Amino acid sequence: MGVQAHRATQSAKPAEVERRWYVADATDQVLGRFATRLATILRGKHKPIFTPHVDTGDFVIVVNAEKVKLTGSKREQKTYYRHSGWVGGIRSITAGQVLEGPHPDRVVRDAVRGMLPKNSLGRKMLGKLKVYAGPDHPHAAQKPEELQLD
């Protein structure tokens, strides 16, 4: 038996993370599958330097969020709830109503939020997600690359 050199597992430091910008078009993308891909990139799991306790992810710009596709009858049956904290203060809205309302980008943002860690690191990752209902975005200066969706 030869002597093996001890090699420690590499752990990414926040300062050495190189962030890239991607732009993804949500037109006719199935919501859950699309959100899964975005969450993977925001988390940094697509990189070899992925470290669970460090935000190694990239920035993602989503355009045309209002054109995302919901399969089956989710447009009418998928329901979002919120509560005011008061007795009887529960409110609900369907996915179709959100998509036709003034903030259709919230459907994509909520789907991705549910797939990220539920802690301060997850909130930091969600801050790297920029969602726009229409085809325009104000991040041209970052020179985002087109995200290739499988």
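Which hand does the crossing of α1 and α4 have? The points below take this up together with the sheet, the hairpin and one lysine.

1. This is a predicted model, in which local features need pLDDT of at least 70, side-chain atom pairs count only at pLDDT 80 or more, and totals for chains, interfaces and linings use all residues. Residues are numbered from 1 along each chain as its sequence is written, and side-chain values use heavy atoms, with hydrogens and water left out.

2. The crossing of α1 and α4 is right-handed, a term used if the near helix is turned clockwise from the far one by less than a right angle. Helix α1 covers residues 31-43 and helix α4 covers residues 105-113, and the two pack at an angle of about 60° with their axes 8 Å apart. Axes are lines fitted to C-alpha atoms, for helices over the stretch in contact, and angles run from 0 to 180 degrees between N-to-C directions. The two helices are therefore oblique to each other, where angles under 35 degrees count as roughly parallel, over 145 as roughly antiparallel, 65 to 115 as roughly perpendicular and the rest as oblique.

3. The contact (heavy atoms within 4.5 Å) is made by L31, F34, A35, L38, A39 and L42 of α1, together with V107, V108, A111 and V112 of α4. By class, this contact has 10 nonpolar, no polar and no charged residues.

4. An open sheet is formed by 4 strands in the order β5-β2-β1-β6, and the pairing is parallel; two strands pair if DSSP finds at least two bridges between them. Helices (H or I, at least four residues) and strands (E, at least two) are DSSP runs, numbered from the N terminus. The edges are held by β5 (129-131) and β6 (145-146), each with a single partner strand, so one side of each is left without a neighbour in the sheet.

5. Strand β2 (residues 59-63) is joined to β5 by 3 bridges, and the bridge partner of V60 in β5 is L129. On this sheet packs α1, touching β1 (21-25), β2 and β5, with its direction at about 155° to that of β2. Helix α4 also packs on the sheet, touching β2 and β5.

6. Strands β3 and β4 form a hairpin with 6 residues between them, and G85 in the turn has a positive phi of about 100°.

7. K128 lies in the loop between α5 (120-126) and β5. K128 is buried, with a relative accessible area of 4%, where buried means under 20% (1.4 Å probe, protein chains only).

Notes: Nonpolar A, V, L, I, M, F, W, Y, C, P; charged D, E, K, R; others polar. Buried < 20%, exposed > 50% of the residue type's maximum accessible area, 1.4 Å probe, protein only.
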